[in-house]
Amino acid sequence: MSVAEALSIIAVPAFADNYLWLIVRGRMAVAVDPGDAAPIEAALAAHQLTLAAIVLTHHHRDHIGGVNALRSATPERQRIPVYGPRHDPIAAVTVALGQGDRVQLDAIELELEVLDVPGHTAGHIAYFGQTADGPVLFCGDTLFATGCGRIFEGTPTQMLASLDRLAALPPTTAIYCAHEYTLANIHFARAVEPDNLDLQAWETIAVQRRAAGQSTVPTRMGHELRTNPFLRSRSAAVRAAAERRVSGASADAVATFTAIREWKNDFRA
Ligand SMILES: [Zn+2]
């Protein structure tokens, strides 16, 4: 009887602070947001992996820049599928996706469910899946550990709805976001919620991890609900902080979220 090989998720650091992800089972790998081909090729070679598919969350260069080089590397590679958002402009996408679509990644025996999360870009999507180790989310630049992406193409109303959609996922969901922004995000979150004890404890852990050269990603959704100001627009503390900054910002969740997001845009530690 053969024993099923476990799924693993490998972080591939790229550029200054990106995480590209490889989802691996056995000798097969799926790349998530390969913004640069070289570190992906190095990781594939180091782990003796075959690239079976590419999964994209949005059209920004640091998420798609390696796709063409990866696909043109060998004749076999030219046949691998490139999954991506229907409403973002990405020429390399071979399977266009939107809310409710399901991606069957047969090579690694994983099914991913697509969530529309517009705001950072107009067509940004996220991928949710169930693994033996619990639920996982690949959310690109929408949700970060203790933060969220900038709103480049959407509205605050859209971005808040997108974050609400992610916040409704199981609290055990492991969040594979695309950047190591955590310490700067915590610095801002502490300005919003100086009395949040969960946030204070998280800062201690995150500082230790970074000092040891470790990643702070993934975090889990339950942890984000307790510490991420952008998921806490309905909490009394975040509403009060928004109101102190912008008169009227505690009126509703969108007004609070807008005030907090604009505050972060201007925030210098
Ligand atoms: Zn982006």
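How many disulfides does a search of the whole structure find?

## Cysteines

Zero disulfides turn up, with a disulfide taken as a pair of cysteine sulfur atoms within 2.5 Å. For background, a disulfide is a covalent bond between the sulfur atoms of two cysteines. Take Cys-139: its nearest cysteine sulfur belongs to Cys-177 and sits 5.7 Å away.

Buried or exposed? Cys-139 has 0% relative accessibility, so it counts as buried. Cys-177 is buried too, at a relative accessible area of 1%. Here buried means under 20% relative accessible area, exposed over 50%, and partly exposed in between (1.4 Å probe, protein chains only).

## About the model

This is a predicted model, where local features need pLDDT of at least 70 and side-chain atom pairs count only at pLDDT 80 or more, while totals for chains, interfaces and linings use all residues. Residues are numbered from 1 along each chain as its sequence is written, and side-chain values use heavy atoms, leaving out hydrogens and water.

## The sheet

Six strands make an open, mixed sheet, running S1-S2-S3-S4-S5-S6. Strands are DSSP runs (E, at least two residues), numbered from the N terminus, and two of them pair if DSSP finds at least two bridges between them. S1 (7–14) and S6 (95–97) are the edge strands, each with a single partner, so one side of each has no neighbour in the sheet. From one strand to the next, the twist averages 25 degrees (axes are lines fitted to C-alpha atoms, and angles run from 0 to 180 degrees between N-to-C directions).

Further in, S4 (residues 50–55) pairs with S5 (residues 82–85) in the parallel sense, over two bridges. Val-55 has Tyr-83 as its bridge partner in S5.

Conventions
Helices (H or I, at least four residues) and strands (E, at least two) are DSSP runs, numbered from the N terminus.
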